Amino acid sequence: MIHATCHTADEAMRAEFDATPWFEEADPASIALLAKRGWSAPWIADALERRAGYEALRELIRYARDRLEIESREDPSWPTFECRVDGAEATAWLDRHRSDIAAEVRRAAS
């Protein structure tokens, strides 16, 4: 399991979830970019929100879109929610399941 958390910008909602399905399906460039960004990116939540078992994540994103995006119209670059993956768990999982990508992530981090 690769633990991940998301929270809304106003801290009104928080969800914890397993990001492993995203890592199983993601292309190497997306995983490398995630690592370069400090293991934080909203696209993980976007990719998983419609899956069964991710209802809390779906609600968080719905709240962020329906409520916070309206409030952020003056600054559309303002992120309405943030997601962070446990980098140590992600790296360990990559070592075991996608070692070619793990090596690429290490090269990019150096």
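A disulfide is taken here as a pair of cysteine sulfur atoms within 2.5 Å. In this predicted model, a search of the whole structure turns up one such link. The cysteines involved are C6 and C83, with their sulfur atoms 1.7 Å apart, so the pair falls inside the 2.5 Å cut-off. The bond ties together distant parts of the chain: C6 sits in strand β1 and C83 in strand β3 (residues 81-85), 77 residues apart. As for geometry, the link of C6 and C83 is right-handed, with 90° about the S-S bond. Both C6 and C83 are buried.

Together β1 and β2 make a hairpin with five residues between them, and E11 in the turn has a positive phi of about 65°. Strand β2 (residues 14-18) is two-sided, with A15 and F17 on a covered face and R14, E16 and D18 on an uncovered one.

F17 turns up again in the largest nonpolar core, which has 31 residues; F17, F23, W39, V85 and L94 are those with the most contacts inside it. Helix α4 (residues 55-71) gives the most to this core, namely four residues. What does V85 touch, leaving aside residues up to four places away in sequence? The list runs to I2, H3, A4, A19, F23, L34, W39, I44 and A90. In soluble globular proteins, nonpolar side chains tend to be buried together.

Terms used. Residues are numbered from 1 along each chain as its sequence is written. This is a predicted model: local features need pLDDT of at least 70, side-chain atom pairs count only at pLDDT 80 or more; totals for chains, interfaces and linings use all residues. Side-chain values use heavy atoms; hydrogens and water are left out. A nonpolar core is a set of buried Ala, Val, Leu, Ile, Met, Phe, Trp, Tyr and Cys residues joined through side-chain atoms within 4.5 Å. Buried means under 20% relative accessible area, exposed over 50%, partly exposed in between (1.4 Å probe, protein chains only). Contact means heavy atoms within 4.5 Å. Two strands pair if DSSP finds at least two bridges between them.
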